[in-house]
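Please view the model first.

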2 protein chains.
Amino acid sequence: MGKEFAKGDHVVGIDIGGTKIMATVFDHQYKPVGSCRKKAKNAKKDESAEDRIIRIVQTALEEAGGPSIRGIGVGSPGPLDPETGVIIDTPNLGWKNFPLADVLSKHFKTSVVVDNDVNVGTYGEWSFGEINSCQDVVGVFPGTGIGGGIIINGKLLHGFSGAAGEIGHMTIEVDGPYCGCGKRGCLEALASRIAIAKELAALAAREDAPFIAEKCGSDIAKIRSGVISKAIEAGEPMVEGVVRKAAFYVGIAVSNLINILSPEAVVLGGGLVEAMEKLYLEEVKRAVKEHAMPFLRKDVKIVPAKLGDDAVVLGGARMIVERLTAKG
Amino acid sequence: MGKEFAKGDHVVGIDIGGTKIMATVFDHQYKPVGSCRKKAKNAKKDESAEDRIIRIVQTALEEAGGPSIRGIGVGSPGPLDPETGVIIDTPNLGWKNFPLADVLSKHFKTSVVVDNDVNVGTYGEWSFGEINSCQDVVGVFPGTGIGGGIIINGKLLHGFSGAAGEIGHMTIEVDGPYCGCGKRGCLEALASRIAIAKELAALAAREDAPFIAEKCGSDIAKIRSGVISKAIEAGEPMVEGVVRKAAFYVGIAVSNLINILSPEAVVLGGGLVEAMEKLYLEEVKRAVKEHAMPFLRKDVKIVPAKLGDDAVVLGGARMIVERLTAKG
């Protein structure tokens with residue numbers, strides 16, 4: 001403990017996502033020196049999620065020339081206990097009260113830190129982005145769900161349950177549409193990719209969005225960020241209207257977070273924002289001007305995420321280094 | 001600095017409210033030994049707010065037998081800078097960039113800490129209540145406005161602007177009713193005393209709330225917590241329905257705070273809650289069960305405030321003692 005992260009040292013960042021798992025080995029300057037990325041679903045049916053993760057890390061280490069590592073930082077779906085690194089329940093990976101940190105720590109004989117993937121991504125964007133001087137930061141990642149990471153005084157907020165930051169289930173429209181969580185009017189029910197796709201599928205079915213209809217039919221599952229962005233470029237005004245409205249809802253949620261937490265910066269990432277950054281940020285900023293209190297929104301930076309798919313592996317690397325080099 | 005708050009020591013807590021100003025002198029066990037409370041409006045027109053406050057503190061000190069004091073803790077309407085004790089803008093008291101901490105510090109030759117009144121009240125309820133063992137606490141005070149105080153890791157959250165906790169202006173119903181802040185669908189617009197009184201005045205005008213009609217006519221300004229509570233006791237079902245709905249809205253906002261911050265305890269205070277505690281907490285808890293995520297709401301304590309009108313003076317006293325006795 002306390003020893004600096006110096007030349008010759010390496011750490012690994014792992015991103016366990018819903019569709020893919022990625023591991024990257026970083027040197028002491030956070031330069032990637034080896035990486036491996038595979039689908040989250042097993043090709044071989046008999047391989048457990050943990051065995052698959054270990055194999056992916058080993059491949060990344062081999063690519064890096066087999067350095068010894070000082071630690072591993074992992075972003076995983078939750079809920080999980082960030083203190084013990086136990087994953088409480090992720091049906092997708094077949095884990096229930098699974099001691100992920102211990103399993104990786106024993107296998108690789110090194111220190112491991114595990115946190116929620118959105119927290120780790122927020123930490124990455126904060127650590128390596130233009131907002132690094134800000135001590136109070138909120139990360140918002142709209143996608144299939146809408147995740148949030150909260151940094152207060154330079155530290156991730158976990159709260160009593162360990163799972164703070166569930167901003168996707170903030171009610172912003174009482175008695176609004178149903179959400180996957182079972183309640184109504186959640187931000188996710190109004191602004192996630194699925195909420196957008198639902199509207200676009202209806203447009204396609206009514207022949208109001210020919211580009212979407214041609215590429216995806218009216219199947220919600222096929223309407224992804226890339227197609228949506230191309231439909232807007234192709235000049236479909238109703239598609240643009242639907243996306244702007246969803247982004248505006250996200251902006252209302254961001255305003256609520258500003259009114260409650262008073263962050264210095266808000267970073268917006270995820271597939272939807274990446275595919276339509278300019279339009280998306282315009283609407284979020286417009287909502288913030290309308291819905292956040294003037295004294296609290298003053299000088300708040302609203303910026304797009306910059307690390308793309310590397311946010312979680314970089315954030316994980318940074319978190320384990322912070323842990324290893326912490327004073328006292 | 002660092003010297004304990006010991007026998008023979010005294011501090012003063014000041015509560016600067018919209019309608020009244022109160023100062024209380026406390027001994028080393030936080031027992032009140034002198035107090036003075038007056039209307040906030042000047043009886044003599046030529047007295048400034050600061051002169052009035054000084055006179056109220058002096059009266060409280062005289063009642064206490066004129067002890068020397070180690071410090072003063074003040075809860076004041078905001079926005080204000082809790083680091084410098086400068087009040088940024090409170091038209092009600094005629095202050096604009098007014099250095100309240102400095103003025104009191106010079107006059108009484110002692111240390112002064114100033115914070116937002118809702119923050120100080122929350123701190124008081126936390127310091128002296130059953131939830132003192134909880135490190136992450138949210139205070140919610142519905143009244144004419146709806147204020148919030150947030151404690152994270154045992155410390156008040158101020159955020160980048162210094163004014164975090166503006167929970168009354170959380171949007172929970174997009175395009176809902178107009179709020180005093182100019183935007184729509186804020187919690188305050190749906191659940192403050194004025195929002196309730198508005199509905200009750202309409203009931204009274206339509207002869208659906210005879211108790212309210214008899215006591216207050218249909219004048220919103222006259223419909224206060226006490227009368228509302230008595231109308232419910234008198235068996236007016238629509239009055240009860242209106243209050244329950246407002247409390248449920250507050251519960252939705254509390255759910256949002258639980259989903260975002262994951263506190264261990266939520267304390268509810270203010271005139272409305274005091275007047276109708278059982279009914280109010282029932283609705284808040286019902287909303288939380290519906291609107292907060294199961295993993296985050298688990299084991300969260302939702303409790304009524306216990307200090308009543310003394311919350312701010314006690315909180316102020318505690319804050320200045322913490323400041324004076326802080327290590328390092």
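## Domains of chain A

The centres of domain 1 of chain A and domain 2 of chain A, taken over C-alpha atoms, lie 27 Å apart. The model is predicted. The domain assignment gives domain 1 of chain A as 11-123 + 309-325. Domain 2 of chain A covers 132-305.

The contact draws 11 residues from domain 1 of chain A and 14 residues from domain 2 of chain A. On the domain 1 side, helix 3 (residues 117-128) of chain A gives the most, with 5 residues. That side has 5 nonpolar, 4 polar and 2 charged residues.

## Where the chains meet

Chain B puts 36 residues in contact with 36 residues of chain A. On the chain B side, helix 8 (237-261), helix 10 (277-291) and helix 11 (294-297) each supply at least two residues. Helix 8 of chain B gives the most, with 7 residues.

By class, the side of chain B that touches chain A has 19 nonpolar, 10 polar and 7 charged residues.

## Helix 5 against helix 8 in chain B

Helix 8 of chain B also meets helix 5 (residues 193-205) of chain B: their axes come within 10 Å and cross at roughly 160°. Helix 5 of chain B is therefore roughly antiparallel to helix 8 of chain B. The crossing is right-handed.

Helix 5 of chain B makes the contact through B:Ala195, B:Ile196, B:Glu199, B:Leu200 and B:Leu203. Helix 8 of chain B answers with B:Met238, B:Val239, B:Val242, B:Val243 and B:Ala246. By class, this contact has 9 nonpolar, no polar and 1 charged residues.

Definitions and conventions
Residues are numbered from 1 along each chain as its sequence is written. Chains are lettered from A and ligands numbered from 1 in the order in which they are written. This is a predicted model: local features need pLDDT of at least 70, side-chain atom pairs count only at pLDDT 80 or more; totals for chains, interfaces and linings use all residues. Domain bounds come from an automatic or database domain assignment. Two residues are in contact if their C-beta atoms, placed from the backbone, lie within 7 Å. Helices (H or I, at least four residues) and strands (E, at least two) are DSSP runs, numbered from the N terminus. Ala, Val, Leu, Ile, Met, Phe, Trp, Tyr, Cys and Pro count as nonpolar, Asp, Glu, Lys and Arg as charged, and the others, Gly among them, as polar. Axes are lines fitted to C-alpha atoms, for helices over the stretch in contact, and angles run from 0 to 180 degrees between N-to-C directions. Angles under 35 degrees count as roughly parallel, over 145 as roughly antiparallel, 65 to 115 as roughly perpendicular and the rest as oblique. A crossing is left-handed if the near helix is turned anticlockwise from the far one by less than a right angle, and right-handed if clockwise.
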